Amino acid sequence: MVKKGEWVRIHKNILEPEERAPQVPDDTKACPLEMWDKGFLTADAELGREAEIETVTGRHETGTLTETEPYYDHDFGRCIPELLEIDRQVREMVFGGEEK
Amino acid sequence: MTKASDYASVMARRPEIMLKSVGIDYSKFESGSIAFDYEKMMKETGYTLEEMQEIQYGVNVGRTPVLELKNLTALARKCAPEGKGARIFIKDEAANPSGSFKARRAANAVYHAKRLGYRGVIAATSGNYGAAVASQAAIAGLKCIIVQECYDSEGKGQPEIIEKARKCEALGAEVVQLTVGPELFYKFLLLLEETGYFNASLYTPFGIGGVETLGYEISTQFRERFGRDPDVVVCTQAGGGNLTGTARGLKKAGAKSKVIGASVDLSGLHMASDRDFNLKSFTTGHTGFGVPFSNWPDRSDVPRSAARPLRYMDRYVTITQGDVFYMTECLATLEGMEKGPAGNTSLAAAFALSQEYDRDALMVVQETEYTGAGKHVQPQLSFARSNGIDVHFGDPKDEVPGKNIVLPSHPSLIKATDVDLDHMRRSLIKTAMKTYGVADPVQKDIEFLAEETMKDADWVKQVIDELK
């Protein structure tokens, strides 16, 4: 049970595949148009079930409750060793006295 | 009574929703044929340069520094023919409150919204403009909703866009995130209708006019420092507003600098394709926007776009994803600064272009943007690798967007590839005739198309004859 007032994320399909715009390419048309939004739960709700939120602008949206206190999981990624090679190459060219 | 919310019904209400949310009656500027009065639209619905400066400087936007990249210039000269290699500068627009030049566009749009009494603003954007509108709305005390195209059908997000969502939320905005598809515009219209907020479109006269201060500042700063304007201004080209506004500002300063547009080559990838969405490593500043928005500016979210790049672009070049990543790393390792991908697109182009000019020429890349988790060379290349993109050293001319990213094995392999501007101009004329159903453009249309394409009336007439 997630309590009323908690900061959550919801999901819903806003256009089903058959409702999509005519100009959309086939691979996209095979999928629904999905939406995510965040806000405060307006009533106690269960994860994976229908819920209503009030967003920071005061709008109300409904959808499936997917996450509480949502996590930003983007990061700086794994090391790309090639970047270190670029560093060595251009520092050598600018400061290493390489002849053209 | 509840209005119908199916796709066709909402799109049919577009004109009335737009009129209410932008507050501009575009019909006033129409001729009834192909031509419309662009300058009248810019004048009557925008602000003067002085007013825009006052608006922007009042909210800590603008007056960003110009930085000389001496080590990068030295590297370019190592790759250039004897005596060649223009001095390369950047206008450090990342110093704006929201971290990019888009703060200039947003400052004007939000000021205008507040003046007209709107309670909030909405923008449909996955890029820096969202953060800029959120930032300006925060300063103005207005509510803000940003609508983003963010995920593919597997729920995998573009790291750069997820970061932008985080930033918008950090600045107090509601972020509505969607999967791939042009129906983003459908949700955008529904939100405008529901909230009655202002449409802070990127393409209104206030939005584009907001960038004029950037071009004007460049001229002023170069005159103060070097006693003359820069020879070349390189602009990353996507929707066209950056280039249009900068060029207009340069003209207002009386500068005769060459304006060169640069985009990342993403040819072959479909912008509305769910499958292609995460195969690209750039979410803007690429040919997927840069070419269609030049060929036909009136594809935007307003009836007549104020961004009309073919009117101002002296030259248009493309650069590869691998080139931009390489140059981003050079900026860090040679100049000691990390900047985001949008400005580094024109920087990579400038690196190649500078080698065509004499050493005393001044070349300025007119923007930088902030960098951070998700929008940085390392997570972008990591993401590409995790999506099966083959990242390797080689000759960037072998890069195939969506398949590989070729990091140049030597900086001399970074080349700016010219786009055929006459071809784009012909395409614009063709689309204009088709869109307005005009087989025989009248004199007024011909003059308009000449301005649209930076050509003379005879050239336009010849193209029209060829199209007949």
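Author: In this predicted model, a residue counts as buried if 20 or more other C-beta atoms lie within 10 Å of its own. Keep that cut-off in mind for helix α14 of chain B.

Reader: OK, what makes α14(B) largely enclosed by the rest of the structure?

Author: Count its residues against that cut-off: 13 of the 13 are buried, so α14(B) is largely enclosed by the rest of the structure.

Reader: And how do you know that the span of α14(B) agrees with its 13 residues?

Author: The expected span is 1.5 Å times one less than the number of residues. For residues 341–353 of chain B that should come to 18 Å, and the end C-alpha atoms are 18 Å apart, so the two agree.

Reader: Chain A next. How does its radius of gyration compare with that of a compact globule of 100 residues?

Author: Such a globule would have a radius near 13 Å, but chain A has 24 Å. The C-alpha trace of chain A spans about 70 × 40 × 25 Å along its principal axes, and buried residues make up 28% of its 100 residues.

Reader: What elements does chain A have, and in which order?

Author: There are two helices and four strands, running β-α-β-β-β-α from the N terminus on.

Reader: Back to chain B. What makes β1 and β13 the edge strands of the sheet?

Author: The sheet is open, with seven strands in the order β1-β2-β10-β7-β8-β9-β13 and mixed pairing. β1 (66–68) and β13 (417–418) of chain B each pair on one side only, and those are its edge strands.

Reader: How do you know that β8(B) and β9(B) pair?

Author: Two strands pair if there are at least two bridges between them. Five bridges join β8 (residues 258–264) to β9 (residues 315–319) of chain B, and these strands run parallel. So by that cut-off they pair. B:V264 stands opposite B:I319 in β9(B).

Reader: What about β2 of chain A and β5(B), how many bridges join them?

Author: Two bridges, with the strands running antiparallel. The cut-off is at least two, so these strands pair as well. Look at A:M35, which stands opposite B:L178 in β5(B).

Reader: How many residues does each chain bring to the contact, and which element of chain B gives the most?

Author: Chain B brings 50 residues and chain A 36. On the side of chain B that touches chain A, α15(B) gives the most, with six residues. The residues of that side divide into 23 nonpolar, 15 polar and 12 charged.

Terms used
Residues numbered from 1 in each chain as written. Chains lettered and ligands numbered in written order. Predicted model: local features only at pLDDT ≥ 70, side-chain atom pairs only at ≥ 80, totals over all residues. Rg over C-alpha atoms; globule rule 2.2 N^0.38 Å. Buried ≥ 20, exposed ≤ 12 C-beta atoms within 10 Å, placed from the backbone. Contact = placed C-beta atoms within 7 Å. Nonpolar A, V, L, I, M, F, W, Y, C, P; charged D, E, K, R; others polar.
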